[in-house]
Amino acid sequence: MSLAAEPARTQALSAREPQAARDVVFMRNALAIGRRHLGLTWPNPSVGAVLVSYAGGEPVIVARGITQAGGRPHAERMALDEAGPQARGATLYVTLEPCSHHGRTPPCAEGVIHAGVARVVYALADPDPRVSGRGAALLRQAGLAVTGGVEEAEAARIHLGHVVRVTKGRPAVLLKLARTADGFAAAASNERLLITGPIANARVHLMRAHADAIMVGLRTVVADDPRLTTRLPGLEHRSPVRVVVDSRLALPLAAQVVQSAGAPATWILTTIDAPVETERRLVAAGCEVMRVGADATGRVRLDEGLRLLAARGITRVFCEGGPSLAEALAEADLVDALAIATGPRRLDTAGLPALGPALAAHVDARMRLHAEEPAGEDLFQFYERV
């Protein structure tokens with residue numbers, strides 16, 4: 001994917017504009033770039049970077065970079081390599097504080113210094129204890145001007161998976177629910193409802209493409225037999241890892257997530273006491289079975305399951321498991337973001353509420369509405385943890 005410079009887009013930014021205003025514009029550009037690879041870079045965050053030259057008085061973008069699939073190379077390295085000598089004296093806008101620790105590659109902060117960049121503007125300080133202020137300090141010690149916190153709130157949303165994984169030891173959980181205009185996810189008869197239309201459904205598939213893993217419970221698989229893949233034209237390869245929460249390994253071998261295991265991967269979270277013989281059959285079919293402890297009711301301990309996913313590198317889990325799994329996640333205080341898609345039609349009869357009591361209480365006490373987005377006749381509401 002080319003991220004070539006587009007100097008025409010900066011023509012409206014006169015040198016007379018306040019620097020703070022120009023910083024916001026270029027950081028938003030970096031944030032937009034970083035969103036592109038969400039779901040591809042785990043275990044690393046998907047960072048966006050923009051290099052801007054002010055040498056001629058008018059700002060000109062000389063390079064852009066984005067963290068590559070698998071997490072390497074980092075966005076800063078990509079932008080520096082594209083800019084070459086034009087990086088000298090330029091300003092780097094990056095969505096996350098440049099790393100300062102040695103891993104499989106040298107620290108990005110050192111690369112920025114050696115390239116001769118004059119100023120670095122970052123959106124979010126990296127909470128990783130190996131970085132956490134050290135990247136910015138290293139840059140300042142080398143004489144670079146450093147500004148942090150530009151568009152910090154939006155960067156925190158984009159990098160939520162990274163933040164939660166390094167601070168809590170688990171992936172961030174984005175829960176998605178669909179409900180009728182009067183608040184139901186299903187009829188009392190358990191018949192499947194087609195609540196949202198094609199535009200909203202396409203939006204959900206884009207959310208899948210931006211996730212590292214998609215998680216559902218056994219009931220969803222039995223009731224709907226979903227494939228749980230991304231079916232947007234051109235993004236089929238962006239299907240995330242599929243995770244099924246199945247406490248007793250009752251997953252049917254004929255289920256699509258089993259029959260298509262490996263394309264993409266199917267991981268099953270179960271309890272330590274689940275039948276071994278069933279595990280053998282699922283493994284033979286291409287699934288991977290992961291055992292964790294059980295709670296007092298014999299169900300998978302979701303906190304342990306999520307920590308296990310984090311240990312495998314997963315940073316962002318998109319949960320489409322329906323109200324039962326949503327309630328369990330809320331009871332365990334594991335919901336970090338919530339997307340509710342409300343359709344235009346009412347059920348007008350008894351049904352299963354989309355938001356159970358635990359989730360409703362969780363939303364009231366710990367979350368806030370930060371955005372609304374129409375999708376045809378449907379409406380998405382996005383909540384985030386306070």
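This is a predicted model: local features need pLDDT of at least 70, side-chain atom pairs count only at pLDDT 80 or more; totals for chains, interfaces and linings use all residues.
In which strand is L96 found? The legends below start with that residue.

**View 1**
Residues are numbered from 1 along each chain as its sequence is written, and side-chain values use heavy atoms, with hydrogens and water left out. L96 is found in strand β3, residues 91-96. Helices (H or I, at least four residues) and strands (E, at least two) are DSSP runs, numbered from the N terminus. L96 counts as buried, at 4% relative accessibility. Buried means under 20% relative accessible area, exposed over 50%, and partly exposed in between, with a 1.4 Å probe and protein chains only. Leaving aside neighbours within four places in sequence, L96 is in contact (heavy atoms within 4.5 Å) with P45, V47, E76, Y122, L124, A125, D126, H159 and H162. The C-alpha atoms of L96 and R140 are separated by 16 Å, and these residues are 44 apart along the chain.

**View 2. Helix α6 and the residue after it.**
Helix α6 spans residues 160-168, and its residues G161, H162 and V164 are buried. The cover over the buried residues of α6 includes β3, β6 and β12. G169 follows α6 and has a positive phi, near 75°.

**View 3. The largest nonpolar core.**
A nonpolar core is a set of buried Ala, Val, Leu, Ile, Met, Phe, Trp, Tyr and Cys residues joined through side-chain atoms within 4.5 Å. The largest one has 40 residues, of which M27, L51, L92, V112, V117 and V120 touch the most other members. Not counting residues up to four places away in sequence, L92 touches A49, V50, L51, E76, V112, V117, R119, V120 and V121. A second, separate core of 33 residues includes A330, L334, I340 and Y383.

**View 4. M27 in helix α1.**
M27 lies in helix α1, which covers residues 19-35. M27 is buried, with a relative accessible area of 0%. Apart from neighbours within four places in sequence, the contacts of M27 are Y93, V94, T95, V121, Y122, A123, V150 and E151. A distance of 48 Å separates the C-alpha atoms of M27 and A254, which are 227 residues apart along the chain.

**View 5. The nine-stranded sheet.**
The nine strands form an open sheet with mixed pairing, in the order β11-β10-β9-β8-β12-β6-β13-β16-β15. Two strands pair if DSSP finds at least two bridges between them. The edge strands, each pairing on one side only, are β11 (288-292) and β15 (367-375). From one strand to the next, the twist averages 25°. Axes are lines fitted to C-alpha atoms, for helices over the stretch in contact, and angles run from 0 to 180 degrees between N-to-C directions.

**View 6. Strand β12 with β8 and β6.**
Strands β8 (residues 213-217) and β12 (residues 316-319) run parallel and are joined by three bridges. The bridge partner of I214 in β12 is F318. Helix α7 (residues 198-209) packs on the sheet and touches β6 (172-179), β8, β12, β13 (337-342), β15 and β16 (378-385). The direction of α7 makes about 30° with that of β16. Strands β6 and β12 also run parallel, with four bridges between them. For L174, the bridge partner in β12 is F318.

**View 7. T271 in strand β10.**
T271 is found in strand β10 and counts as buried, at 3% relative accessibility. Not counting residues up to four places away in sequence, T271 touches S247, R248, R291, V292, G293, A294, G298, R299 and V300.

**View 8. The largest pocket.**
On a 1 Å grid over the protein atoms alone, a pocket is an open set of points with protein on both sides within 12 Å along at least five of seven lines, and lining residues have an atom within 4 Å of a point. Grid points are joined across faces, edges and corners, and a volume is the space filled by probe spheres set on the points. The largest pocket holds about 1,700 Å³ of space. Its lining has 49 residues, of which T220, D224, E320, G321 and G322 are the closest to its centre. Elements that each supply at least two residues of this lining include β7 (184-187), α8 (218-224), α11 (302-311) and α12 (322-331).

Technical notes: On a 1 Å grid over the protein atoms alone, a cavity is a set of points where a 1.4 Å probe fits but cannot get out, and a pocket is an open set with protein on both sides within 12 Å along at least five of seven lines; lining residues have an atom within 4 Å of a point.
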